[in-house]
Amino acid sequence: MQVRFLGTGTSQGIPMIACSCEVCASQDTRDQRLRVSMHIQVQGKSFIIDTGPDFRQQILRAGIKRVDAVLFTHEHKDHTAGLDDIRGFNFAQQSAIPLYARAQVIEQLKREFAYAFDENKYPGVPEIDVYEIDGQPFSVQGVQVTPIFVKHYFLDVLGFRFGDFTYITDANFIADEELEKIKGSKILVINALRKTTHISHFTLDEALAVIAQVQPEQAYITHISHMMGLHDSVQQELPPNVFLAYDGLSLSL
Ligand SMILES: [Zn+2]
Ligand SMILES: [Zn+2]
Ligand SMILES: [Zn+2]
């Protein structure tokens, strides 16, 4: 399995519009973060988790030529806004692209991309096949995935476990029974926004506490705000098996 971070930034990305803080002004490419998304290659399949506003740029930058399915964590715009550009894969693959999401996410997609769900579709709109998922393990194009329910303030969000790899974003609480589903992962990706408290995202310390409970071999932090600090200096404060993710980082397992 090969996983690649297509984006590691919070909803506004880094640099943030009209901000001149040292992180937004940093020339270190690891401080330049598009909105969160992940590319997962497993068993010969190519999956994308979330299609945020930077989807097109991310696909081009990573040179991804095929997508077998898209999995959605939740309905927030920074995770869905780029879906229209799935059209490129419709043309290239001459087929609809399967989407996997919870019912309330599907409802939101139907509102935001109503034209893609019309009975009588205009030519050239995204061609998608929607599959509803919930708390039960499911198969995506023959690949087994375990969903992990996490809380994002009052919103339910899905994390996904593929074998030894677990991806969690936009959480600020994980129930014990869901933590059990993560245990045994070799690599855990988990969100942390910044060091100070936030209503709907883990802080760095809260994410480190989850990592200490799960005890993966390695953990990677994503969905990072400019308020977290410079990549290089924050990395030096972390335990030896914990890393700030950065755009373009690729891992094999
Ligand atoms: Zn988000
Ligand atoms: Zn800034
Ligand atoms: Zn969110």
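Visitor: Which residue stands opposite A101 in β6?

Guide: This is a predicted model, in which local features need pLDDT of at least 70, side-chain atom pairs count only at pLDDT 80 or more, and totals for chains, interfaces and linings use all residues. Residues are numbered from 1 along each chain as written, chains are lettered from A and ligands numbered from 1 in written order, and side-chain values use heavy atoms, without hydrogens and water. Strands are DSSP runs of E, at least two residues, and helices are runs of H or I, at least four, numbered from the N terminus; two strands pair if DSSP finds at least two bridges between them. Here, E132 in β6 stands opposite A101.

Visitor: In which sense do β5 and β6 pair?

Guide: Strand β5 (residues 97–101) and strand β6 (residues 128–132) pair in the parallel sense, over 5 bridges.

Visitor: Which protein donors does the zinc ion (ligand 3) have?

Guide: Donors are N, O and S atoms within 2.8 Å of the metal (3.2 Å for Na, K and Ca); water is not among the atoms, so sites may look incomplete. For the zinc ion (ligand 3) they are H74 (NE2), H76 (ND1), H152 (NE2) and D170 (OD), at 2.2 to 2.3 Å. D170 also bridges to the zinc ion (ligand 1), and the two ions lie 3.4 Å apart.

Visitor: Is H152 buried or exposed?

Guide: Buried means under 20% relative accessible area, exposed over 50%, and partly exposed in between (1.4 Å probe, protein chains only). H152 is buried because its relative accessible area is 4%, whereas H76, at 33%, is partly exposed.
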